[in-house]
Amino acid sequence: MQRVIIVGAGAAGLIAAGRAAELGAEVHVFEKTEEAGKKILVSGQSRCNVTNSAPLETFIKYYGRQGQFLRNAYHRFFRDELLALLRRYGVETQTERGGRIFPTSGQAADVRDALLDYAVGHGALVEYKSPVSRLLVADGKIQGVELRNGIKAPSNSVILTTGGASWIRTGSTGDGYRMAQDVGHTIIALRPALVPLRVREQAHAKALQGVSLRNVCCTLLTQNEKGKEKVLHSRYPQPPTGEMLFTHFGVSGPLILTRSLDAVDALRQHKKVLLSIDLKPGMSRDEVQHRLQKEFEEQSHKQLANLLKGWVPHSLAQVLADISGVGKEREVHTIRAPEREAIAMLIKDFRWEITGALPLEAGMVTAGGVSLKEIEPQTFASRKVSGLYLAGEVLDIAADTGGFNLQAAFSGGYLAGEDAARQ
Ligand SMILES: Cc1cc2nc3c(=O)[nH]c(=O)nc-3n(C[C@H](O)[C@H](O)[C@H](O)COP(=O)(O)OP(=O)(O)OC[C@H]3O[C@@H](n4cnc5c(N)ncnc54)[C@H](O)[C@@H]3O)c2cc1C
């Protein structure tokens with residue numbers, strides 16, 4: 001009987017264990033923490049957004065350039081197969097806004113339990129508090145793994161599903177990158193993704209902390225030494241408008257998280273990265289000007305910040321009045337045309353300078369990881385070490401929010417488990 005060792009009982013590891021055991025392999029899972037699938041439990045605000053209803057062609061765009069790698073896998077094990085598997089283990093699902101698919105129960109634990117049942121029900125053995133420290137390789141072939149306590153577990157099939165290097169309290173502390181590198185894999189630089197961003201204008205961010213904006217449009221720009229600006233296109237499909245949030249250090253919320261990896265990468269290459277927020281994307285600058293002019297005439301004795309409260313949340317109205325140089329207490333009948341234009345300009349192009357992101361640990365996903373060039377896209381087998389497979393976030397795959405990261409982990413894990421069992 002084929003013996004398969006799986007390192008890490010997360011999303012990819014559990015499904016790999018289930019599939020390999022279902023095919024008759026003797027499966028041994030080593031999990032570092034005291035519990036399986038800790039990250040599944042926190043995912044989707046503990047509701048676990050398992051996948052997305054987007055059609056395949058759109059779906060793969062949510063991985064940026066890495067999407068093509070997943071095409072093969074998704075032709076073999078995709079959303080329908082995943083949802084059918086979950087249903088077999090009692091998890092019904094429902095589709096919500098943006099095509100996000102969640103368990104109907106609203107409980108991430110149901111997804112984790114279903115995957116654990118799938119694995120253990122087919123005879124997989126899961127050993128908790130069993131961190132693996134290295135992969136054992138001889139003559140380009142996997143021989144097994146060594147646990148941190150020095151014990152060696154032999155096997156000619158090993159699946160590495162140790163996850164990323166963020167949210168480390170869920171167990172994913174980046175061990176897999178080091179283990180893969182030690183046996184000859186290339187690690188693409190790790191960067192935080194789906195992560196809040198820091199801004200230069202700290203005082204304004206602090207004043208706006210907690211303010212959430214809906215139906216705004218965010219654009220990232222790079223600026224070179226000569227001050228020349230260029231729009232930075234989004235690696236993921238971006239909705240025309242969406243929601244963002246100010247924090248005491250900068251910006252966050254769905255629109256920002258989606259663009260965060262673009263900003264992180266741009267900061268490595270460009271002198272300046274700027275964020276432009278269009279607070280009224282439904283109106284042109286001229287329309288904003290005209291409406292402002294009309295309101296200034298109709299409510300001529302109102303103070304500027306009070307009038308702007310009709311446009312944006314109160315604290316933002318005050319900040320806009322300050323930044324425009326007009327001052328929040330000026331009565332609007334005293335405001336001249338160029339000043340009004342400056343206010344309209346701010347409403348359409350509210351600028352921030354992005355100085356960085358929160359650290360890797362704070363990202364919902366780790367971008368970078370084992371180079372996809374070294375992985376077989378049909379089986380997730382290593383091209384460097386025979387008998388070794390890698391799946392999930394340990395690979396250089398980082399998608400947008402919406403269920404795409406888990407689907408990649410599930411599909412990769414399933415195919416790796418299948419091939420490992422059939423060796
Ligand atoms: C807050 C949050 C919310 C998220 N929500 C969603 C969502 O709703 N939808 C979505 O698609 N994605 C979501 N994600 C991302 C998604 O959860 C991950 O991409 C996915 O869990 C990755 O699966 P994985 O199996 O590769 O790694 P993980 O699920 O992280 O599992 C890795 C496992 O390996 C174990 N391990 C690590 N090192 C060792 C070692 N040396 N020895 C033994 N075991 C080890 C870990 O303890 C862990 O159990 C979210 C992430 C976060 C942080």
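Predicted model: local features only at pLDDT ≥ 70, side-chain atom pairs only at ≥ 80, totals over all residues.
Colleague: Which of the 35 residues around the ligand come nearest?

Modeller: Ala-12, Glu-31, Asp-175, Glu-393 and Leu-406 come nearest. Residues are numbered from 1 along each chain as its sequence is written, and side-chain values use heavy atoms, with hydrogens and water left out.

Colleague: What makes up the shell around the ligand by class?

Modeller: The shell has 14 nonpolar, 16 polar and five charged residues. Ala, Val, Leu, Ile, Met, Phe, Trp, Tyr, Cys and Pro count as nonpolar, Asp, Glu, Lys and Arg as charged, and the others, Gly among them, as polar.

Colleague: Which helices each supply at least two residues of that shell?

Modeller: Helix H1 (11-22), helix H2 (38-46), helix H7 (175-182) and helix H14 (404-422) do. Helices are DSSP runs of H or I with at least four residues, strands are runs of E with at least two, and both are numbered from the N terminus.

Colleague: Which backbone atom lies 3.0 Å from a nitrogen atom of the ligand?

Modeller: That atom is a backbone N or O of Val-132. A polar contact is a pair of N or O atoms within 3.5 Å, so the pair at 3.0 Å qualifies. Within protein, one atom must also be able to donate a hydrogen and the other to accept it, and residues adjacent in sequence count only if both atoms are side-chain atoms.

Colleague: Why is Ser-411 called buried?

Modeller: Buried means under 20% relative accessible area, exposed over 50%, and partly exposed in between (1.4 Å probe, protein chains only). Ser-411 has a value of 0%, and therefore counts as buried. Ser-411 is placed in helix H14, and its side chain reaches the backbone oxygen of Phe-77 at 2.7 Å. Beyond four places in sequence, Ser-411 touches Tyr-74, Phe-77 and Phe-78, where contact means heavy atoms within 4.5 Å.

Colleague: What does Ala-344 touch, not counting residues up to four places away in sequence?

Modeller: Ala-344 touches Arg-285, Val-288, Gln-289 and Leu-292. The C-alpha atoms of Ala-344 and Glu-287, 57 residues apart along the chain, are separated by 9.1 Å. The relative accessible area of Ala-344 is 0%, so Ala-344 is buried.

Colleague: Why does Asp-349 count as buried?

Modeller: Asp-349 has 18% relative accessibility, which means that the residue falls below the limit and counts as buried. Asp-349 is found in the loop between H13 and E18. Its side chain makes polar contacts with the side chains of Ser-276, at 2.6 Å, and Arg-351, at 2.8 Å.

Colleague: How do you know the length of helix H6 agrees as well?

Modeller: The 14 residues of H6 (residues 108-121) should span 20 Å, and the end C-alpha atoms are 20 Å apart, so the values agree. The buried residues of H6, including Val-111, Leu-115 and Tyr-118, pack against H1, H2, helix H5 (79-88), strand E5 (100-103), strand E6 (125-127) and H14. H6 is followed by Gly-123, whose phi is positive, near 100°.

Colleague: How many helices and strands are there in the protein?

Modeller: There are 14 helices and 20 strands. Of the 423 residues, 56% count as buried.

Conventions: Near = heavy atom within 4 Å. Expected span 1.5 Å × (residues − 1).
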